Amino acid sequence: MPKALARRYAYCEVLGPKGPVPADDLILGFVLFAPKTTYPQHSHKGISESYISIAGSWSENDAAVFAPGSLILNDDGHEHRITTGDRDPCLLAYAWTGAPEALSGPMTFSRPGTLRR
Ligand SMILES: [Fe+2]
């Protein structure tokens with residue numbers, strides 16, 4: 001985790017292997033990003049990830065700008081990065097589904113320059 005990023009976002013898991021509501025094959029949580037933040041390129045091995053925008057604007061892979069109410073799905077292995085808008089914080093609800101071994105594994109970031117759209 002880059003140090004600069006650690007000060008620009010926070011998350012909480014409300015359901016999942018480490019959450020207050022236990023579950024092995026599903027994680028539900030919230031992530032809050034500061035304005036002008038880029039969460040680096042990454043993918044999730046064995047996990048499908050979906051986001052619902054609650055507040056603020058953001059883009060994924062610089063392909064579009066998503067407003068509150070948007071739903072985004074990142075299938076297993078899909079390379080993606082998140083960039084938030086210039087003015088407001090961005091709050092997203094997220095869900096990860098996958099096998100228990102995949103959901104309890106560490107997050108890994110991709111090498112720069114390997115992004116596929
Ligand atoms: Fe992700």
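I started at Ile82, which touches Phe33, Thr37, Thr38, Tyr39, Tyr51, Trp58, Ser59 and Leu92, leaving aside residues up to four places away in sequence. Contact here means heavy atoms within 4.5 Å.

A note on the source: this is a predicted model, where local features need pLDDT of at least 70, side-chain atom pairs count only at pLDDT 80 or more, and totals for chains, interfaces and linings use all residues. Residues are numbered from 1 along each chain as its sequence is written, and side-chain values use heavy atoms, with hydrogens and water left out.

Then I turned to the metal. His42 (NE2), His44 (NE2), Glu49 (OE), Glu49 (OE) and His80 (NE2) coordinate the iron ion at 2.1 to 2.5 Å. Donors are N, O and S atoms within 2.8 Å of the metal (3.2 Å for Na, K and Ca), and water is not among the atoms, so the site may look incomplete. The donor residues follow the sequence spacing H-x1-H-x4-E-x30-H. Both His42 and Glu49 are buried, that is, under 20% relative accessible area, with exposed over 50% and partly exposed in between (1.4 Å probe, protein chains only).

Last, I checked the cysteines. I found zero disulfides, a disulfide being a pair of cysteine sulfur atoms within 2.5 Å. Cys12 is partly exposed at 36% relative accessible area, whereas Cys90 is buried at 0%.
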